[in-house]
Amino acid sequence: MNPEDLLTEVLRERTEDTDYASTPLATVSKRAGAIRARRRRTAILAAAAAVAVVVVPGAVWLNRSPSSSPGPSQQVTTAPTQSPSAPSSKPPTVALNSLPQGPKPRVDYIDGSTFIGILGERVTLPPGTESVVRSRGGGLIVATARRSPERVFTDGTAGNLEGLAPGNGSTTNDLGCGATRFAWSVDGTLSAYWQMTGCDPTSGGKLFLGALSTMSQAGPQGWPTPAGEVYQPVGILGGAAVVVNVVTPQGVSAGVWVVDPTGRHRIPGLEAALSVSGSTGVVAGEQADGNSVVVDPSSGEVRWSAPPGWVLGSFSSDGAHIVARKAGGGVSQYAVFDAHHGGRLLDVPAIGGTEVLQTAWGSDGALMLVVDDHQSSAIVRCTLAGRLSIAAPAKPDGAVAHYRFVTTS
Amino acid sequence: MQHTIAREGPTGSSSRAQDDEFEAWLVARERALQRTAHLLSGDVHTAADLVQETLAKVYLSWDRIRDRDSVDAYARRVLLNEYRTAWRRPVRRREQVTDQVPDRAAPRQEYDDQHDLVWRFVGTLPPKQRAVLVLRFYEQLTEAEIADLMGISVGTVKSQSSRALAALRATLHDHPELTGDVEEDR
């Protein structure tokens with residue numbers, strides 16, 4: 001039997017051996033009603049927002065008039081470890097097509113299957129690219145989701161590390177298997193990644209840290225990591241310390257660790273690190289109870305806690321701000337917090353009919369958002385004054401969102 | 001092939017006759033949608049959710065489907081859109097500000113038999129390749145029909161199918177103990 005016939009046989013067999021429950025018309029009708037209500041709600045919000053934009057053309061101001069909008073340096077003084085109060089109950093909603101065109105994204109991003117660097121360089125990426133980091137001489141290291149059984153994590157995100165030659169993606173260099181997450185230093189000169197031994201997550205591996213040129217086979221030997229531990233680099237502190245989430249091959253958290261040339265130590269009280277500020281030397285992470293906190297990585301001392309339900313994300317490059325997300329009611333809410341004290345500075349306006357897939361901080365200090373309406377995606381810039389503009393126009397999605405940011409911290 | 005839905009969007013109340021007509025279609029065609037959704041998503045629970053969302057959207061559009069012969073194609077298109085949306089959820093999880101959850105690694109796998117190997121292989125494919133394989137080798141659609149349904153070019157259908165089959169051949173080749181009677185070259 002040839003593979004095509006075998007495939008047909010297996011697919012048919014799989015469905016023939018399965019019992020499927022029927023859906024009553026009442027269930028369909030009820031679900032249709034929920035969809036109808038959702039559509040109406042979205043349409044109303046978008047229409048209202050469009051009217052608001054006409055009143056203030058060219059800019060969308062958030063909770064404040066333009067004359068009173070705060071600058072990036074404005075901070076809310078809130079006592080440490082306290083959950084600050086919200087500046088408003090609900091952020092406004094705007095329509096994507098009402099936003100003015102603004103500057104291009106000041107961040108590395110993926111446009112379809114093309115990496116577009118902040119300096120304008122373009123590199124074609126291999127299929128299945130999960131994440132990217134810059135490498136020697138303008139080349140890239142990409143993590144691709146190679147889905148062979150031996151090289152896949154159960155959540156489907158890990159895979160091969162491949163080197164792409166500068167200038168194009170036609171020459172690749174298989175670097176083996178590893179975590180798909182990379183870490184960068186705040187100045188962009190250092191990077192870290194973890195590579196497993198023999199593509200076997202139970203066999204340990206090596207954590208690599210160094211100048212970006214070390215992201216190649218010519219790099220240092222790396223720090224050996226114990227068998228039975230999978231390392232996920234999250235960020236880089238100072239010049240030679242990597243913050244990693246450590247999990248067992250079965251996915252059980254083994255804590256957050258700081259690894260440097262002298263050894264490693266666990267950050268007390270954290271179950272998972274979410275992001276790292278190389279500028280201010282703090283770590284945002286999640287405690288066992290699910291609360292998001294900002295901690296001192298040396299002692300685990302909690303500097304401040306996010307309000308209940310809010311999950312902290314990445315720090316701005318100067319470490320002054322941190323983005324956070326709150327899920328609820330089927331729509332996530334995003335806000336910018338003062339990273340030093342936890343004051344909630346800005347509620348990111350919701351864009352009607354879309355959801356935010358990803359956020360990243362631009363080199364201009366603005367928050368960049370990949371927004372998606374399930375058919376197409378766009379990149380939107382949100383300044384710290386709450387002004388929204390289009391940074392990359394909406395383009396139809398493929399199997400995944402058209403745009404993606406490549407940085408995670 | 002173009003379906004004949006006038007436009008997307010909520011409709012007014014469905015008439016009793018339309019409900020009866022929809023229910024007749026539901027009874028006749030739900031099982032087929034469930035099977036396809038199962039093969040796309042890999043598990044029956046996700047498939048059930050995909051199908052219910054699909055059915056609800058077809059129900060909402062029912063009074064604007066002028067050509068009843070095109071309902072199946074429309075429903076299949078909605079299902080594929082829902083599948084694509086659902087598939088992006090892991091991306092959302094990864095790309096939320098929480099960043100990635102820790103990787104979970106799977107131990108080396110053992111396979112019961114050749115069919116188990118193939119089914120698990122299908123589960124490892126990127127969603128677009130998986131959808132192409134399911135539509136081509138289960139639904140037995142033509143490449144042109146698949147291209148129309150998925151909103152991609154015929155060339156993309158060919159390349160996705162070719163890559164998936166090449167990977168399948170490689171997987172089978174790696175397990176000679178299970179694949180004695182498979183012709184590798186074709």
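Visitor: What percentage of the 409 residues in chain A is made up of buried residues?
Guide: Keep in mind that this is a predicted model. Buried residues account for 54% of the 409 residues of chain A.

Visitor: How many helices and strands does chain A have?
Guide: Chain A has 2 helices and 30 strands. Of its contacts between residues at least 6 apart in sequence, 45% link residues at least 24 apart. Its accessible surface is about 16100 Å², and carbon and sulfur atoms contribute 53% of that.

Visitor: Why is B:R77 counted as buried?
Guide: The cut-off for buried is under 20% relative accessible area. B:R77 has 16% relative accessibility, so this arginine counts as buried. The residue sits in helix α3 (residues 71-95) of chain B.

Visitor: What makes the approach of the B:R77 side chain to B:D148 a polar contact?
Guide: The limit for such a pair of N or O atoms is 3.5 Å. The side chain of B:R77 comes to 3.1 Å from the backbone oxygen of B:D148, so the pair falls within that limit.

Visitor: What is found at the start of α4(B)?
Guide: There, a side-chain oxygen of B:D113 lies within 3.1 Å of the backbone nitrogen of B:H115.

Visitor: What is the strand order of the open sheet of 4 strands in chain A?
Guide: The order is β4-β3-β2-β30 (chain A), and the pairing is antiparallel.

Visitor: Why do β4 and β30 of chain A stand at the edges?
Guide: β4 (122-124) and β30 (403-405) of chain A each have a single partner strand, so one side of each has no neighbour in the sheet. From one strand to the next, the twist averages 25°.

Visitor: How do you know that β2 and β30 of chain A are paired?
Guide: Pairing calls for at least two bridges. Strand β2 (residues 109-111) of chain A is joined to β30(A) by 3 bridges, so the two strands pair, and they run antiparallel.

Definitions and conventions
Residues are numbered from 1 along each chain as its sequence is written. Chains are lettered from A and ligands numbered from 1 in the order in which they are written. This is a predicted model: local features need pLDDT of at least 70, side-chain atom pairs count only at pLDDT 80 or more; totals for chains, interfaces and linings use all residues. Side-chain values use heavy atoms; hydrogens and water are left out. Axes are lines fitted to C-alpha atoms, for helices over the stretch in contact, and angles run from 0 to 180 degrees between N-to-C directions. A polar contact is a pair of N or O atoms within 3.5 Å; within protein, one must be able to donate a hydrogen and the other to accept it, and residues adjacent in sequence count only if both atoms are side-chain atoms. Buried means under 20% relative accessible area, exposed over 50%, partly exposed in between (1.4 Å probe, protein chains only). Contact means heavy atoms within 4.5 Å. Accessible areas come from the Shrake-Rupley method with a 1.4 Å probe; for residues, only the protein chains shown count as cover.
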